[in-house]
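Thanks for coming. I have one model to go through this morning, so please look at the screen.

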Amino acid sequence: MIPSNDSISYQEPLAVLGLDATSTNEQIRAKYLELVKQYPPERDPDRFAEIRAAYEMASNPVERWALCLCVEIAGDVEPLLARFHLRPQRLPTEALLKCGEQLISSNKNAS
Amino acid sequence: MATRTRNKSRRAGYTTTGQVRPFDVRQHLSRQLHAPAVNSLVQLLQQQSADSHDHGLIEEVLASCASALGKLKFKPQDPQAFLASVHLAAGCVPPDSPLAASVQQTVARIESYVSTDPVATDDPLFNSLVDGCIRSPEFSDRLPEEIADEAATVRDALRLIEAGADDAAAKAVAGIGFRSPLAPWRMLIRGMVAYYGGTIDQAIEAWQRLPADRVPRGIAQAILATQNRRLGDDPIPDKRRLGSLVDHKQPNEREIVDKLSNSFNNDELDSVAEQLSSMSQWKSVDQNWLSAVRDRLYAELLICADVPLVRRVCRMMKPPRWDLKCDLPVAIAKMLSIKDPVHGDVSSDIDKYLATLEKNTELSDVERRAIRGAVLLRLAMLLRQPLELLYGKQGITPEATVELDRVGKSFGHRLVVTIRECVSLWPNWDRPMGLLASGLDFAYFTTEIVIDIHEQRLAARGDEIKVLKPAADFFYFAKRYDRAKQLSEKLLAIAPRDEAVRSLAWAVDLQQMREALIGGNVELAQQIIERMALLKPAKLHSGILLLLQALPLIASDKSQEAQQRVQAAIDCGLSPLAALMLMEIYIAKAKLPAKIKKIFADQRKLRMKSPSISDVMTTIELCSQAALDVNNDYPGRVGHLKDLITCSKRVLTSANRNNWTIELANILGEFVVRASDGTLRRRYLQLLRRHYDWHIVILVSAIEQGPYAARELYRVVHAESNDPYGLPTSLKALAASMFEETQSLGMFGYDDDDEFDDEDDDGFGWYEEDPTPGPKMEELDPEHLEILTLTMPADIMALFLTDPKQVEKKIRELMPPHVANIVIKALHQKSEGVDHDSIK
C-alpha cells in the first residue's frame with residue numbers, strides 16, 4: 001500500500017507516471033508497464049529513464065519518505081516554490097458590475 | 001429649537017430663510033441627486049426675476065441629468081413630474097440665448113430616456129439599457145420581454161458564480177443565443193467559470209472577444225486587474241477605478257516566491273516559518289503546496305545545527321504528522337552542535353523520537369517503517385559529512401591526531417550501525433549503501449559491521465550484481481580475499497564478459513597468487529597465473545602476464561629464465577622502464593628475494609637517465625597507483641614514487657612541447673594531481689598550460705590555488721559527459737571532492753546566481769606568461785593575491801592565514817564544536833610555525 005499523504009513533494013514521482021497519491025502498488029506497476037510500452041528505451045531513452053526513476057521512487061515507500069526528509073535527495077527548493085499559485089478569490093457581483101460600468105463609461109469618455 | 005431648525009435647513013441644502021441658492025443646486029448635482037437638483041433649480045428660477053436667470057446653470061443641470069439618464073444611473077420615480085420640471089427650467093432660456101439650441105437638444109434626449117416606450121434594438125441606448133438592467137432590473141421595462149428574461153438569467157448566474165456554483169451558472173446561461181444582445185454576458189460568465197477553475201488563460205481567451213463598448217469587457221478587465229493582469233492590449237485599470245475590488249487584489253505571486261526563495265537560500269528558516277504561518281491564513285493559497293513547503297522547511301531543519309533557531313521555527317510551524325512535537329530536528333541540531341553522535345544524551349534524544357514514531361497511531365505500519373528508514377538515512381548522511389571533512393586531515397600534535405581519529409571513529413561507528421539498520425529494515429533499498437560506497441576512509445569503520453551489512457544484503461539479494469559487486473569490492477579492500485574470491489566467481493558466472501567483474505577477479509587472483517608465493521606454494525601460484533590468462537582485462541598489456549609468469553620462476557631460483565620472461569615482455573612491446581619497475585613491485589609484494597629485485601632496480605636506474613616520454617608515461621600508467629598507495633605499502637614504494645616524479649620532471653624539461661599528445665598529457669596530469677609535488681606541478685603548468693585539454697590543466701592549477709579554485713573546478717566537475725576536453729573518469733571523483741572542499745571552506749565559493757558564460761574563459765588568461773593579472777586576480781584583495789602566489793599545499797591553511805576569523809566561523813558552522821576546536825587548534829599551531837618570508 002502506498003502511504004497516503006497530503007504533500008505535493010511525495011506526489012511528484014506519481015505525477016510523472018500520471019497517477020495520484022491514492023494509487024496502489026498494483027496500479028503503479030500497471031501504469032509503469034503501460035508507459036514503458038509507450039516509451040521504450042530504444043526509442044526514447046530520456047523519457048524511459050524519467051519513467052523508470054519515477055517508478056522506482058513511487059513504488060518504494062522509504063524512497064518517497066527519503067525524498068521528503070533529505071534535502072539532498074529532494075534537490076533544489078526553487079521548482080517547488082515555482083509551483084506557487086494563488087487561487088482566484090470570488091469577487092462580489094455588485095462591486096464587479098459597478099466597476100465594469102465605470103470602466104466602460106470612462107473608456108467611452110476617453111475615446 | 002432655533003438651532004435645530006437651522007441645522008435641519010442646512011442639511012436640506014437651503015438657507016434659514018427657505019431661499020435656494022445656486023450653490024445648493026450644484027451641491028445636489030455633485031451628489032448625483034439629479035431629481036432634487038432639477039427641483040431646486042426650478043425653485044431657484046422661480047425666486048429670481050427672468051433677467052437674472054443663470055442660463056449656464058440651467059444647461060449644466062439638464063446636461064448632467066441627460067448624461068445620468070443615458071448611463072442608467074438614475075430613473076425618476078415620477079417621470080411626468082420630472083419632465084414637467086425639466087420643461088419649466090428649459091423654458092427659462094429664451095430662444096435668442098446662445099444656449100437655447102443646446103438646451104433644447106438636451107431636453108429632447110431627456111424625453112427619450114424618460115419615455116416608457118420600448119427601445120428599438122438599433123437605438124444607441126439599447127445596449128446600455130441591456131447592460132444597465134443587469135445591475136438595475138428596474139430599467140428592463142423598456143426592453144422586450146425575452147431580453148428582460150435573459151437579463152434576469154444573467155443576473156442569477158452571476159450570483160451563482162459568486163456563491164461558487166460555477167457549473168450551475170454555466171448551465172443557466174447556456175440558453176442565451178449567440179445573436180442575443182446578452183451574448184457578451186454569456187461569454188463573460190463562461191470565462192468566469194474558467195477563471196475560478198484556475199485556467200486563467202482560457203478565461204482571457206474568451207474575454208478577449210468581448211466588445212470594447214460593453215460592460216462585460218469592463219468586468220473582465222476588473223477581474224484580471226485583481227491578478228495584476230491585463231486583457232489583451234487593454235491597460236490594467238488604475239487602483240482608484242477598481243473601487244471596493246481593491247480589497248480583493250491578489251498579492252504579487254512573484255514577490256512572494258522571491259521572498260520565500262531568498263529566505264530559504266539564506267537559511268533564514270524562522271523567516272520562512274513566519275511567511276508560511278501568515279500564508280496559511282490566506283484562503284487563496286493551495287493547501288497542498290503549503291504543506292509541501294512546510295515539509296521542505298522541516299527537512300531543512302534536519303540539517304540545522306542551531307538549536308535555538310530550530311526550537312523557534314518549531315514553535316511557529318505546524319508540526320508534521322510523523323513528528324507531532326518536532327522532536328527530531330531538535331535532537332539532530334543537538335547532535336550537530338553539542339556533542340558527538342555516540343554521546344548518551346544525543347543518542348537517547350534521537351532514539352526517543354524513533355520510539356515515539358513507533359507509537360504514532362496516525363501512521364500505518366508501512367509508513368512507520370519507511371519513515372524510520374528515511375530518518376536513519378538522514379542521520380547517516382549527516383554522519384558521513386564530518387568523515388569527509390576529516391578525511392586526509394591530520395593534527396599537528398600527536399594528541400590532535402589521536403582526537404581526530406577518535407572523533408572520526410565515533411562518527412564512522414554510528415554511521416555503519418545506522419546503515420546496518422536501514423539495510424535490515426529495507427533489504428531492497430540501495431541508497432544507504434551509497435554512503436559507504438566511496439570516498440571514505442575504512443579506518444573509521446569497524447570492518448565487522450560493514451561485513452555484516454554486506455552479508456545481510458547478500459543473504460537477501462545474493463544474485464544481484466549491484467549487491468554482489470560492492471560486497472566483493474569491499475571484501476577485497478578489507479583484505480578478506482577468500483570471501484572476495486567466492487563473490488568474484490559468482491559474479492563471473494553471472495556476467496562473464498563484464499569488464500569491471502573481470503578486473504576484480506584478476507585483482508583477487510593476483511592477490512591470491514602473491515599469497516601462494518609468500519606461503520611457498522609455487523605450484524598454486526602457477527595455476528592461478530594460468531587462470532589469470534583467461535581473465536586478463538582487455539586494456540592490460542599482454543606483457544604483464546609474462547612478467548607474472550616470471551615470479552614463480554624467481555621463487556624456484558630460476559632467475560635466468562625469469563629474466564628471459566621479462567625480456568620477452570619488453571620484446572612484445574611493454575615499456576622497459578615499466579616492466580622493470582613492475583617486476584620490482586611484484587617481487588616486493590610477493591616477498592621474493594631482495595637481491596633479484598635489486599638486479600631489476602639497477603637495470604631500471606640505468607634506463608632512467610634519459611627516458612623517452614612514452615616510456616615514462618607507460619611506467620606512470622602501470623606503476624603510479626602502487627607507488628601512491630600508502631595503505632598497501634611495500635619495501636621501496638617511496639623510492640619508486642620519487643623516481644617517477646624525477647623521471648616526469650626530466651621529460652617535462654627535456655621533451656619538446658609538440659611531442660605531447662593529449663593522451664600523454666592526461667596521463668601525466670593525473671599523476672601530477674595525485675603526487676603532491678609543487679615543482680612537478682609548476683613544470684607541468686609551465687610546459688603544458690596551452691595543452692588543449694583544459695580540464696586537466698585546470699585541475700592541476702586548482703591544487704595550486706586551493707580554495708580559490710571553486711569557479712574553475714565547477715566548470716570541470718559540471719562539464720558535459722561528451723565534452724571532448726572532459727576529465728579522465730579516474731579524476732572526476734577527485735575533482736568533485738576538491739570542488740566540495742572549496743565549497744565547504746566557503747570563501748569564493750561558486751554561487752549559482754553567478755552563472756558563467758563563455759566570456760568567463762577570459763578569466764583563465766592569468767595562466768599565460770603575461771604577468772598582468774586577469775579579471776579573476778583583480779577581484780581578490782592584495783592579501784589573497786599574495787596567498788595565491790605562495791606555493792602552499794592546497795588545504796585550508798592558505799585560507800586560514802588570510803582570514804582566520806572567517807575560516808574559524810565557517811569551521812564552527814560546519815563541524816560539531818569539539819571537532820571544530822581540534823581543527824582550529826591545529827590550524828593555530830601550524831600558522832604559528834609558518835615562516836611567511838621563507839614561503840615567499
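Some bookkeeping. This is a predicted model, in which local features need pLDDT of at least 70 and side-chain atom pairs count only at pLDDT 80 or more, while totals for chains, interfaces and linings use all residues. Residues are numbered from 1 along each chain as its sequence is written, chains are lettered from A and ligands numbered from 1 in the order in which they are written, and side-chain values use heavy atoms, without hydrogens or water.

Back to B:Ile465, which belongs to helix H23 of chain B. Helices here are DSSP runs of H or I with at least four residues, and strands are runs of E with at least two, numbered from the N terminus. Leaving aside residues up to four places away in sequence, B:Ile465 touches B:Pro470, B:Leu491, B:Ile494 and B:Ala495; contact means heavy atoms within 4.5 Å. Between B:Ile465 and B:Ile494 there are 7.8 Å, C-alpha to C-alpha, and 29 residues along the chain.

H23(B) itself covers residues 465-477, 13 residues, and its end-to-end C-alpha distance of 18 Å is close to the 18 Å expected at 1.5 Å a residue. That expectation is 1.5 Å times one less than the number of residues. Its buried residues include B:Leu468, B:Lys469, B:Phe474 and B:Tyr476. Among the elements covering them are helix H22 (447-461), helix H24 (481-494) and helix H25 (499-518) of chain B. Just after H23(B), B:Lys479 has a positive phi of about 60 degrees.

B:Asp349 sits in helix H18, residues 344-359, and counts as buried because its relative accessibility is 16%. Not counting residues up to four places away in sequence, B:Asp349 touches B:Ala331 and B:Lys334. With B:Lys334 there is a side-chain polar contact of 2.8 Å. A polar contact is a pair of N or O atoms within 3.5 Å; within protein one must be able to donate a hydrogen and the other to accept it, and residues adjacent in sequence count only if both atoms are side-chain atoms.

B:Asp78 is in the loop between helix H4 (55-70) and helix H5 (79-91) of chain B, and at 46% relative accessibility it is partly exposed. Its C-alpha is 9.6 Å from that of B:Ala35, 43 residues away in sequence.

Finally, the interface. Chain A contributes 56 residues to the contact and chain B 77 residues. The buried area is about 6100 Å², with 62% from carbon and sulfur atoms; this is the accessible area (1.4 Å probe) lost on putting the two parts together, summed over both.

How many salt bridges are there between chain A and chain B? The count is six, taking a side-chain nitrogen of Lys or Arg within 4 Å of a carboxyl oxygen of Asp or Glu. B:Arg159 and A:Glu94 form a salt bridge at 3.7 Å, N to O. On the side of chain A that touches chain B, H7(A) gives the largest share, 17 residues.

Technical notes:
Buried means under 20% relative accessible area, exposed over 50%, partly exposed in between (1.4 Å probe, protein chains only).
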